[in-house]
Amino acid sequence: MISTATFKQSSITIVGTMLNGFLGALFYILVARILGPVEFGLLTISIVTLTLISDIADIGTNTGLVRFVSANLVNNKDKAMRFLHLSLEIKLIVWLLTFLLVFTLSPFLATEIFHKKELTLALRLVSFGVGGALLFSFATSALQAFQKYFLWSGINIITNLLRLILIIFLGYSLKLNLENSLLIYIILPFFGFFISMLILPTRKIFSARKEFSLSKELFAYNIPVAIFSIIAAFSSRLDTYLSASLLSVREVGIYGAANQLAQVMPQLVSAIGLVAAPKFAGFQSREQMLTYFKKLQLLVTGICILGILSIPLAIYLIPIIYGSSYQEAVMPFIFIFLAMLVFLFSVPVHNAIIFYFGKPAVFIPVAIGHLLIIGILGYFLISNYGIIGASITVLIGTTFNFVYPLIWLLFKLKK
C-alpha cells in the first residue's frame, strides 16, 4: 500500500476528479445533444484551439511553479512566494500578447486555416478565453504546490457545476447556440481563479519583491519544458485539426463527442499527478523515489484494469447518452479510451523523469516523435479511414509517449 498520507491525498483528488469529470461530461453531452453534430463540431474546433493556445502560452510555467514552489515552501517560504509572483506576472504578460495576436488574426484563421468563416467570432472569444485558462491553471498549480488537494478538487467541481447549470438554463430557454456555449466555457475559469485567490496567501504573493531575480533559475528549467510542451500541445490536438481539414464538420462533431467522453482518464492523470509531482520533487534519495514509484505504478495499473472492464458499458451507453446521431462515435471512443489508459499508465514514469531527475529535456524528442506520428501517419489514416483512423493514430502516439521515456528511465536506473 502507498503511505497513508499519499493514499489519502490520492483518494481525495481521484474522487474529486471523478465528480469533476462527471460534471464536465454532462456539460459536453448536453451541448452535443442540443447543438447537434454540425454546431458541436464548430464548438469542438474552438475549444481545442483555446486549449492549444493556452498550453503554448503557458511556456512551461505551471510545471516550473510546482517544482520550485514545492522545493522551497518549507525551507525558504519567501522564495516560494517570489516564484508564485513571477509565474503570475509571466502569465498576465503572455495573455496580453496572445490576446492581441489571436484577436487580430481571427478572420484569417477562420477563412484561410479552418476554411470556416463562421468561426471568426468564436476565435475572437477564444483570444479572451486564453486568459481564463492561464489564470485558472496558475491557481490550480499553486494549490497543487501547497498540497491543498481538497480545495483543488472543490474549486474544479464548483466551476464545472456552475458551467453545467448555465448550460441547462440556456438549453431549457431554447437560447443555446455556438457563441454562448463557448462564452460559458470561457467565463467560469476566471471565476475559479478569483475564488482560488481568496484561499491562497495572495497578500504574501503580491508583496514578494525581486521576483524577476529568479527568472534565470525558472527559465533554465522552463525552456525545455516549454519546448516539449508546445510541440506536445500541438501534436496532441493535431488529430482534431486534420479531421477538421479532411472531414466534414459533422464528422468532427462526432469525433469530438467520442473524444470528450474519454477525457475522464486525462483528468485522472491530472489528479494523480497532482499528488505525485510534489512528492517526486521532494525526494532526497533514489531509494525513496523507487519505493514510491512502485506503489504508484501499482495504483495506476489497478485503475487501468477497471477502465478496460468498463469499455462494454460505455459502448452500450454512447448512443443513449448522446443520441442516435452519434452512433458512429462508438469505435473512435474505444481507441481513444485505450490511448488514455496508456497515458494514465505512464504517469509514474513521466513524473519521475520530470520532477525527481529534473530532466524535462527528455521529452523534447518524445514530443517531436509524437508530432511526426500524428502528422504523417495521422494524415494517411484519417484520409483513408476517417474518424476511426484519427482515433487509431492517437493510440499509436500515446504508446510512443510511454515507451520512449520508459526506456530512458530503465537505462538511467541501471546506471
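Helix H3 and helix H4 (residues 120–145) pack with their axes 8 Å apart, at an angle of about 165°. That makes H3 roughly antiparallel to H4; the label applies to angles over 145 degrees, with under 35 counted as roughly parallel, 65 to 115 as roughly perpendicular and the rest as oblique. The axes here are lines fitted to C-alpha atoms, for helices over the stretch in contact, and the angles run from 0 to 180 degrees between N-to-C directions. The H3–H4 crossing is right-handed, a term used when the near helix is turned clockwise from the far one by less than a right angle, with anticlockwise giving left-handed. Helices are DSSP runs (H or I, at least four residues), numbered from the N terminus; strands would be E runs of at least two.

Before going further, a word on the model: it is predicted, so local features need pLDDT of at least 70 and side-chain atom pairs count only at pLDDT 80 or more, while totals for chains, interfaces and linings use all residues. Residues are numbered from 1 along each chain as its sequence is written, and side-chain values use heavy atoms, with hydrogens and water left out.

The crossing of H10 and H13 is right-handed.

**Salt bridges**

How many salt bridges does a search of the whole structure find? The search comes back with two, where a salt bridge means a side-chain nitrogen of Lys or Arg within 4 Å of a carboxyl oxygen of Asp or Glu.

One of them joins the side chains of Lys 91 and Asp 58, at 2.7 Å from N to O. Lys 91 sits in helix H3 (residues 77–113) and Asp 58 in helix H1 (residues 4–58), so this pair ties together parts that are 33 residues apart in sequence. Buried means under 20% relative accessible area, exposed means over 50%, and partly exposed is in between (1.4 Å probe, protein chains only).

Glu 328 and Arg 250 form a salt bridge as well, with their closest N and O atoms 2.8 Å apart. Glu 328 is in the loop between helix H12 (286–322) and helix H13 (330–345), and Arg 250 is in helix H10 (residues 249–261), so the pair ties together parts that are 78 residues apart in sequence. Glu 328 is partly exposed, with a relative accessible area of 42%, and Arg 250 is partly exposed at 35%.

**A nonpolar patch**

Which residues make the nonpolar surface patch of about 390 Å²? They are Ile 158, Leu 161, Leu 162, Ile 165 and Phe 191. Helix H5 (residues 149–172) gives the most to the patch, with four residues. Ile 165 is placed in helix H5 and is partly exposed, with a relative accessible area of 45%. For the bookkeeping, patches take residues with over 30% relative accessible area and no salt bridge, joining nonpolar side chains (Val, Leu, Ile, Met, Phe, Trp, Tyr) within 5 Å and like charges within 9 Å. The areas come from the Shrake-Rupley method with a 1.4 Å probe, and for residues only the protein chains shown count as cover.

| Pair | Apart in sequence | C-alpha to C-alpha |
|---|---|---|
| Ile 59 and Leu 176 | 117 residues | 34 Å |
| Tyr 28 and Pro 189 | 161 residues | 16 Å |
| Ile 392 and Ser 213 | 179 residues | 46 Å |
| Asn 20 and Leu 242 | 222 residues | 29 Å |

As for where these residues sit, Tyr 28 is in helix H1 and is buried, with a relative accessible area of 9%. Asn 20 is also found in helix H1, and Asn 20 is buried at 10%. Ile 59 is in the loop between H1 and helix H2 (61–72); Ile 59 is partly exposed, with a relative accessible area of 24%. Ile 392 lies in helix H15 (residues 363–414) and is partly exposed at 26%.
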